[in-house]
Amino acid sequence: MTLWEGLAVLLAGVGAGTINAIVGSGTLITFPVLLALGLPPVTANVSNTLGLVPGSVSGVIGYRRELAGQGRRLRRLGTASLFGGLLGAVLLVRLPSEAFDTIVPVLILLALVLVVIQPRVARAVAARRGEGGDPDGGPLLLTGVFLTGIYGGYFGAAQGVLLLALMGMLLQDSMQRINAVKNGLALIVNAVAAVFFLFTSVIDWTAVLLIAAGSVVGGQVGAKVGRRLPAPVLRTVIVVVGLIAVTRLLLG
C-alpha cells in the first residue's frame with residue numbers, strides 16, 4: 001500500500017466513523033476504497049469490520065450521556081444483536097465467496113435505498129413517537145434487531161439506518177437516546193463478528209489499523225459536531241460512493 005493509498009484509507013475511516021456515529025452506513029465509504037485498492041471483496045469486508053470496531057467504541061463513548069438509564073434496554077436488545085451478528089459472520093465465512101460477490105451488490109443497493117429514504121423514515125418515526133410507541137418495543141423489535149444483526153454481521157452497510165427506523169417506530173423515547181442505543185448495538189454486532197473473523201478469515205492488517213485510527217477520530221467528530229453537517233451532502237456522498245462500489249463489483 002502506497003502512502004497515498006494509506007492516506008485514502010485513513011480518511012475513509014474518519015468519514016465512516018463520523019457517519020456511523022450519526023446514523024450508520026459508513027461501510028459504504030470504507031468498503032469501496034478497499035475494493036479500489038485491489039482487496040478481494042470478502043477480505044475487504046472482514047478487514048473493514050475489524051477496523052470499524054474502535055470507531056464504534058468511540059461513538060458509544062461520545063453518546064455515553066444519552067445511554068444513561070438504558071442499561072436494561074441495551075442488555076435486552078444487545079443479546080439479540082450478539083446472536084444475530086454471530087450468525088451473519090458465520091454465513092459470510094461459510095458461504096462460498098461467489099455468494100458474497102452476488103449478494104453484496106444487492107445489499108449495497110438496499111443500503112443506498114435506505115439512505116435515500118431516510119428523511120421519509122425519520123418523519124414516520126416522529127409521527128409514530130407522537131402517537132406514543134411501546135416503551136419496551138416488544139417481540140417485534142427484538143426480532144427486527146436480531147435480523148438486523150444478521151445483516152450487520154454479514155455485511156453491515158446501513159445497519160444503523162435499519163436500527164434507527166426500527167427503534168424509532170417501536171420505542172417511546174427521544175431520537176438522541178435511540179441513536180445512543182443504535183451505536184451500542186452496532187458495536188456489539190461489529191465486535192462479535194470481528195472476534196469470529198480473527199480465527200476464520202484472511203485479514204489485511206494495514207487496512208484494519210488505518211481504518212481503526214480514522215474511525216476513532218470520526219466517532220468523536222460524529223458524536224460532537226457531526227449532527228451539524230448538512231444531511232443532504234452526507235447522503236449524496238454515501239450514494240455516489242456506494243454506486244461506485246456496486247459498479248466495481250459488477251464489472252470486476
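Here is what the computed values say about this one.

Some bookkeeping before that. This is a predicted model, so local features need pLDDT of at least 70 and side-chain atom pairs count only at pLDDT 80 or more, while totals for chains, interfaces and linings use all residues. Numbering runs from 1 along each chain as its sequence is written, and side-chain values use heavy atoms, with hydrogens and water left out.

We have eleven helices and zero strands. For those calls, helices are DSSP runs of H or I with at least four residues, strands are E runs of at least two, and numbering goes from the N terminus. If you want a box, the C-alpha atoms fill one of roughly 50 × 35 × 30 Å along the principal axes.

How much of the protein is buried? Of the 252 residues, 52% count as buried. By that I mean under 20% relative accessible area, with exposed being over 50% and partly exposed in between, using a 1.4 Å probe and protein chains only. The protein exposes about 11,100 Å², and carbon and sulfur atoms supply 71% of that. Those areas come from Shrake-Rupley with a 1.4 Å probe, and for residues only the protein chains shown count as cover.

Contacts next, meaning heavy atoms within 4.5 Å. Of the contacts with a separation of 6 or more, 85% come from residues 24 or more positions apart. On charges, there are 18 positive and 9 negative side chains, and the centres of the two sets lie 10 Å apart. Lys and Arg are the positives, Asp and Glu the negatives, with His and the chain ends not counted. Each charge is placed at NZ of Lys, CZ of Arg, CG of Asp or CD of Glu.

Let's zoom in. Helix α2, residues 27-36, is mostly covered, with eight of its ten residues buried. Among them are T27, F31 and P32. After α2 comes G38, whose phi is positive, near 95°.

F100 has 1% relative accessibility, so it counts as buried. Ignoring neighbours within four places in sequence, its contacts include F31, P41, N45 and Y154. Take N45: 55 residues from F100 in sequence, and 9.9 Å away C-alpha to C-alpha.

T18 sits in helix α1, residues 3-22, and is buried at 8% relative accessibility. Its side chain reaches the backbone oxygen of G218 at 3.3 Å. S58, in helix α3, residues 41-62, is buried at 5%. Beyond four places in sequence, S58 is in contact with V216, G219 and Q220.

What about the loop between α4 (64-67) and α5 (71-94): which residue do we look at there? Q70. It is buried, at 1% relative accessibility. Q70 touches D173, R177 and V181, again not counting residues up to four places away. The Q70 side chain makes a polar contact with the side chain of R73 at 2.8 Å, and the backbone oxygen of R177 lies 3.1 Å from a polar atom of the Q70 side chain. A polar contact here is a pair of N or O atoms within 3.5 Å; within protein, one must be able to donate a hydrogen and the other to accept it, and residues adjacent in sequence count only if both atoms are side-chain atoms. Q70 and V181 are 111 residues apart along the chain, with their C-alpha atoms separated by 7.9 Å.

Last stop, L86 in helix α5. Buried or partly exposed? Partly exposed, at 34% relative accessibility. L86 touches V192 and F196, leaving out residues up to four places away. Its C-alpha is also 7.2 Å from that of I150, 64 residues away along the chain.

That's my tour, thanks.
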